[in-house]
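Hello,

Here is the structure I promised you. Please open it first, then read my notes below.

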Amino acid sequence: MSLKNNLVVMLLFSAIVLSAPWWLAPIGANYPDLLQKFAIFGLFAIGFNILFGLTGYLSFGHAAFLGVGSYTAVWSFKLLTMNVIPAVILGTLVSGVFALLIGWLSLRRSGIYFSILTLAFAQMSYSLAYSVLTPITNGETGLQLSQQDPRVLDAMAGIVPTEGLPTTNLFGMPMSGYSGFYFCAVLLIIGFWVTLKIFRSPYGLKLTAIKSNTMRMKYTGFNTRPYLLSAFVISGMFAGLAGSLMAVTDPLAGAERMQWTASGEVVLMTILGGAGTLIGPLLGVGIIKYFENIFSALNDSALRAAYDFLPAGLADFLTTVTSPFVGEGWHLTLGLLFMLVVIFLPGGVMQGISLISRFLRRRLGMAGESGGAS
Amino acid sequence: MDAILIQILNGLDKGGAYALIALGLTLAFGTLGIVNFAHGALFMLGAFGAVSVQQLLTISKRVKDESITFFDAYKEIPYLEIWWGDTGRMIIDYAVPISILFVIPFMLLIGVLMERGLIKHFYKRTHADQILVTFGLAIVLQELVKAYFGANPIPTPAPAVVSGSAPVGAFFGLGEDLVYPWWRLIYLLASGLIIFAVFAFLKFTTFGMVVRAGMADRETVGLLGINVQRRFTIVFGLAAVVAGVAGALYAPILPPDYHMGMDFLVLSFVVVVVGGMGSLEGAVAAGFLLGILQSFASMNEVKSIIPGIDQIIIYLVAVVILLVRPRGLMGREGVMED
Amino acid sequence: MSPILDIDNVSKTFGGLHALSDVNLKVEEGETHAIIGPNGAGKSTLLNCCIGRLEPDTGSVTFNGRNMVGMEPWDINHAGMVRVFQTPEIFPDLNLLENVMIPALAKRDGTFRFNPFRSLARETEIRDRAMSALADVSLDRFWNHHAGSISRGDKRRLELAMGLVQEPKLLLLDEPTAGMARLDTNRTIDLLKQIKESGMTKVIIEHDMHVVFSLADRISVLAQGRIIASGTPDEIRNSPKVKEAYLGESEDE
Amino acid sequence: MTKKDTTNSGRRGFLKATAATGVAASAPMFFIKDGHAAAHGGMNFRNNPGKAKSIKLGFNVPQTGAYADEGADELRAFKLAVKHLNGEGDGGMLNTMKPLALKGNGVLGKKVEYVTGDTQTKSDAARASAKRMIEKDGVLMISGGSSSGVAIAVQGLCQEMGVIFMAGLTHSNDTTGKDCRRYGFRHFFNAYMSGRALGPVLKKEYGTDRKAYHLTADYTWGWTQEESIKQTTEELGWKTVKTVRTPVGAGDFSQYITPVLNSGADVLILNHYGKDMINSLTQAVQFGLKDKMVNGKQFEIIVPLFSRLMAQGAGDAIKGILGTTNWNWQLKDAGSQAFVKSFGAEYGFPPSQAAHTCYVQTLLYADACQRAGTFYPPEVIKALEGFNFDGMGNGPTEYRAEDHQCFKDVLVVRGNPNPTSQFDLLQVEQIVPRKQVEYPPTQFGCKLGPYKV
């Protein structure tokens, strides 16, 4: 039983993910939409981590691939079938092709120049999707299903159109609610397995070496471009998969998904949790999505109720003190959290966890030095 | 012809704002090696400096408004007006120019505090860490502003004398139609002056020479036994002042809201990179260049040929420059590669 | 037999400065060829021109019958010419074993190989080879230490192991003992002597005359961007020209 | 807290759901909240309060981003509405609404509670927030919002999930046009009505021989408004010199405004909203457009959609500018006065039009439930469809059954040249009667979809 063993890791991980609806219940985060978001953004972040965490190339344009995945999936629902399998496959592939194109150009540069190039490409995609490309994207309103869509595969299979809008399904099983979460969760587990394999492969080692010393890699006999490009495309495909899953659980795609702030969000998630670690990005996703969905909804009365067990005076005081940080002030809390984490824990939450566990191990007098955190 | 002239004016004006923000960003990056994502927030703080002065000057007495009967409504009459009549009204009218006097020391203080309190701990950290911590700071600053001033833009007009338009066309002999707002001309002039002042300061004072030497080679200057640290603190303060003044002067053009810094942030980073990381001249040149290009791309004649070009022109230019000439217009080779 | 490395009429200028002027140098297969010369003579520039870090203005660098000028650094590496850097160019975030596994993988995988699903744990052959290369430089005990945290001398030896594990046809050593303690220097000399017996061709740039004379079969002297003398250690030792240009000065240092 | 009760009733729903679909047969117990229950006939539906003593409504408003102030005002109105529904406070419009089924003791005897969420003015965030309210908090109805994109996105979601959506501020023709939904209702007016209402006033004020230049926000709402206004003005005999699309959030509009100067146009129409409108109007005035004479006529600027909060942001620039609005706090009818009075007493300043529409929507929903005698959405929808009411600040109003659009009088307003306070920014120029802004329900391609989902 060691975490070095892939099977052990995967069993543990699957158990944790699949049981999320139980253990997230006490903190009110076990409703389907948030669970889906955890899984979807989890995929987005672990994919992003393959590029940023391993090679150190900081892309500020990954939201573009997310958006392309979403649009592709919705088009698949409109033109082909409401079954999610083609949507997910097409979304991932089309994003991969798009990533190949942008990566091929952007990877001619490194450092902040690379970041700005990816940012520029993503912003162009966003602006065009919002305006000129409206026939494809339906602009600000977002691409939606309609009664009149052809859905040729469904028609061929003899599926009778419903009176209302059809729902996405996996061979008849509806993809909203908890079943949608489990679909996303299974894909997250597969995605995690892929990243685990990559992290523990010679290919992954080479990517880490590129981050450590790109120049040396070249003189050691490696052409770094194809390595970077393949990592870029893989992470772009993860983003596309995440985007198509967003469409699977909620068949609508909007341009704002491609905006630079959305790219920034995945960067923040990854760094907050711990870039380059296997589960750090997932922790980052959990924290940020929890803030966005739960903290933002707390209002004074909810706070007051939470402090109910305290004496009235103290409860009132605490309500007054904490209320600027929740509800509409959740951005403020998030900003402060970033600052605190970056100042005190540059390795993200994962560094905090390893510090605590090391401290505990020392306190408990246990032997065994962990070989230096990276 | 006059359409082109006026678009050049527009471009220069826009470029002035870009250049000022990019200048401060480059100062901080070139001297301290800090990628400051909170720089847009400093611009925003400057604009709200103007708003605050205006609000201070218009602190009002609440007088019951008798015309509204079905609930208690109040009219607001500024004390300055009550005390000094027309003189008071004139002082209120000049809120924005007056605010500059307050914004300069205020922003210097903010800049120095920020450098001493936060930035200096991040010199040795990665750029990603710097980006994240300053981004966090930017969010905190703008949320604080929002909590106090609200999210709605706040009108901050220029003095009445210069609220109209200047007959530029008549001046150049190009017809009456060609007018340009006085305040924008003043902004253009002011941005030119600030840029000139910054360059003169760096070029002709010993202080500036040390800073420039530090930008070229930080370690060597440190070895000379000069207290580079303190000078760099002041440089950071200077960058904050430039951003703040740019923001305060911009307030009459764009009614300030808490988010205006973020709107400028990405753009100004693109400007800095196009100009060349760490090159002050490049930042200024790129600011004006992109401003003018953006103005021309917005012309109907251009848009009818390439639809949507006005939305993407800046990014398109950035992509082309970075692919063809990665060090930017005037940057040194190899800065911040890897 | 033609030389394994043939540097022919190579010149390189930086701005107005002539770093290399018409350098001609032939290295025979199996020999250990030392290049010496005062600081700024152009030794590192010459190495950089060989491995593709710099492109000479004129002339050609022929290695194993192929012109290397204009080739990508990774292709030069795979042609069999490998450089050990003067300032340690290691992977500071990886451990020592991984540092050596990387070049070993390069040897096996070529310039690019996409094998994301292969398990690193099953790369026993690569691991063993890397471990034995580490053992050669006596660093095997520290295999799981972070490369960024070891001493400068150890980094130099790690560099050496990274070069050796690729079993190149020609190893370019840029001051392999600089920064090492006397004891380590001697150990390194012994190691390099061992390698010599294996028949690997080496070009060594070195300041330390003790190292040069204990290893080199032939020596070339570079001064102000020109080769001023070339010959056996004895010939060089006795050359008045060399004494004047180089040795005299260096003894004053 | 009522959470327990909702969960219990949901659990019963789950049992039926399992039996019927079989899909969830092997599913764990928490599938209960999945709400397959809604798929069944009879009185079983999503978030059925059952025997609970209270119901929950979801108020989804922008709390961050450019419309946060409007969102905050909407939230104030919602809280006030909940108070009045529960019989607290002075009752507000409950005193003036006709007909009225509500009794001031909650809805159908159940106390009204609410949850809030942040739309961030982004479709994704708004839908996520709405889903949270539906899936976690168990709300029966969602209301709020301050942009058409968000309204359409949330409306679509509500249809899928079988929860009624009472739209907040949304002005696009599409909301009750091609993107209309059976579960979505809009009290606010739309771009077409703005055009129709402005027409006669423009004719009276500026004549029939005008040349108009449009600056239009480059997204769906901007386009529909441009189309509607263009249609109206061209019917008056005006010429359209040019329509120019501007990027959303452009900030500096100077490069779009300068070409207006010598285009020969004598009217500038700004199809912008929010921050864009504040900036483009401020800058157009700085370029001297308000004082300009073209073709021997005074140059005019028109902003078809106005709000008081925007007017506040634009400052002096708004003075004398014509536009339309859904409602204004200075209206003298009993409903408006009752609402302004209780809002003013509660918060110390008058409500915005966004607050008004949200307040009215909440009351209308509650009243419809009361009249239907159930919270079962299809019945509530039927109670709202074709409902005629008065005393809510807009005169006699009808919720048209065919497209769920409210038809009522529209206000043409002018920026007040001499405001006496910071709230006294708009003057009501004319109350355009409802007849004049009506259009056939098929005009914007509305197909409502099914009652049962």
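The largest nonpolar core has 438 residues, and B:Val270 and B:Ala318 touch the most other members. A nonpolar core is a set of buried Ala, Val, Leu, Ile, Met, Phe, Trp, Tyr and Cys residues joined through C-beta atoms within 7 Å. Buried means that 20 or more other C-beta atoms lie within 10 Å of the residue's own; exposed means 12 or fewer, partly exposed is in between, and C-beta atoms are placed from the backbone. In soluble globular proteins, nonpolar side chains tend to be buried together.

Leave aside the neighbours of B:Ala318 within four places in sequence. Its contacts are then A:Ile116, A:Ala120, B:Val270, B:Val273 and B:Val274. (Contact: C-beta atoms, placed from the backbone, within 7 Å.)

A word on the source. This is a predicted model: local features need pLDDT of at least 70, side-chain atom pairs count only at pLDDT 80 or more, and totals for chains, interfaces and linings use all residues. Residues are numbered from 1 along each chain as its sequence is written, while chains are lettered from A and ligands numbered from 1 in the order in which they are written.

Next, chains B and D. Here 43 residues of chain B contact 38 residues of chain D. On the chain B side, α1 (2-32), β2 (74-78), α13 (280-297) and α15 (309-324) give two or more residues. Helices (H or I, at least four residues) and strands (E, at least two) are DSSP runs, numbered from the N terminus. α1(B) gives the most, with 7 residues. By class, this side of chain B has 18 nonpolar, 13 polar and 12 charged residues. Ala, Val, Leu, Ile, Met, Phe, Trp, Tyr, Cys and Pro count as nonpolar, Asp, Glu, Lys and Arg as charged, and the others, Gly among them, as polar.

Chain D also touches chain A. That contact takes 40 residues from chain D and 36 from chain A. α3(D) gives the most to the chain D side, with 8 residues.

Last, a sheet in chain D. It is open, has 5 strands in the order β2-β1-β3-β4-β5, and pairs in parallel. (Two strands pair if DSSP finds at least two bridges between them.) β2 (111-118) and β5 (184-186) of chain D each have a single partner strand, so one side of each lacks a neighbour in the sheet. β4 (164-167) of chain D is joined to β5(D) by 3 bridges. There, D:Ala167 stands opposite D:Arg186.

Best wishes

Key
Contact = placed C-beta atoms within 7 Å.
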